[in-house]
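Reader: I would like to learn how to read strand order and backbone angles from a model. Could you take me through them slowly?

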Amino acid sequence: MKSLWIAFSVATLISTGCGQNADKSAENTKVNQLTEQQQVQTKTPKYKCPECGYGSDTTGDCPKDKISLVKVGWYYCPECYMCYPAAGKCKMCGVELKKME
Ligand SMILES: [Zn+2]
Ligand SMILES: [Zn+2]
């Protein structure tokens with residue numbers, strides 16, 4: 001508890017002190033961004049729109065593009081948006097499938 005109080009006092013001294021605190025706050029911003037990124041990663045939707053990237057936790061259609069959402073980790077055809085569980089070529093168009101990430 002005592003060391004925490006010292007750390008707090010030092011932080012106050014730095015933030016009220018000289019121009020060195022610019023670097024310090026930039027570092028803090030970096031840390032915040034990292035934490036936000038990690039939160040986004042854990043919230044990755046299970047299904048995504050191959051056209052606009054709209055994500056959802058349930059299967060269905062994209063409200064904007066009216067096409068079926070593709071399960072993340074599956075493969076889809078960039079031409080007709082048919083989805084497949086494995087890599088390969090679209091049976092309809094013969095186009096190389098893309099992975100939904
Ligand atoms: Zn969409
Ligand atoms: Zn296709």
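This is a predicted model: local features need pLDDT of at least 70, side-chain atom pairs count only at pLDDT 80 or more; totals for chains, interfaces and linings use all residues.

Reader: In which order do the strands of the open sheet lie?

Author: A sheet is read by asking which strand pairs with which, where a pair needs at least two bridges between the strands. Here the order is β5-β4-β6, an open sheet of three strands with antiparallel pairing. Strands β5 (83-84) and β6 (98-99) are the edge strands, since each of them pairs on one side only.

Reader: How many bridges join β4 to β6, and which residue is the bridge partner of Y75?

Author: Strand β4, which covers residues 75-76, is joined to the antiparallel β6 by two bridges, and Y75 has K99 of β6 as its bridge partner.

Reader: Where is K66 found, and is this residue buried or exposed?

Author: K66 lies in the loop between β2 (55-56) and β3 (70-71), and its phi is near 60 degrees, a positive value in a residue other than glycine. K66 counts as exposed because it has 9 other C-beta atoms within 10 Å, where the cut-off for exposed is 12 or fewer.

Reader: What is the phi of Y81, and where is its place?

Author: Y81, which is not a glycine either, has a positive phi of about 65 degrees, and its place is in the loop between β4 and β5. Y81 has 17 C-beta neighbours inside 10 Å, and therefore counts as partly exposed, given that a buried residue would need 20 or more.

Key:
Residues are numbered from 1 along each chain as its sequence is written. Chains are lettered from A and ligands numbered from 1 in the order in which they are written. Helices (H or I, at least four residues) and strands (E, at least two) are DSSP runs, numbered from the N terminus.
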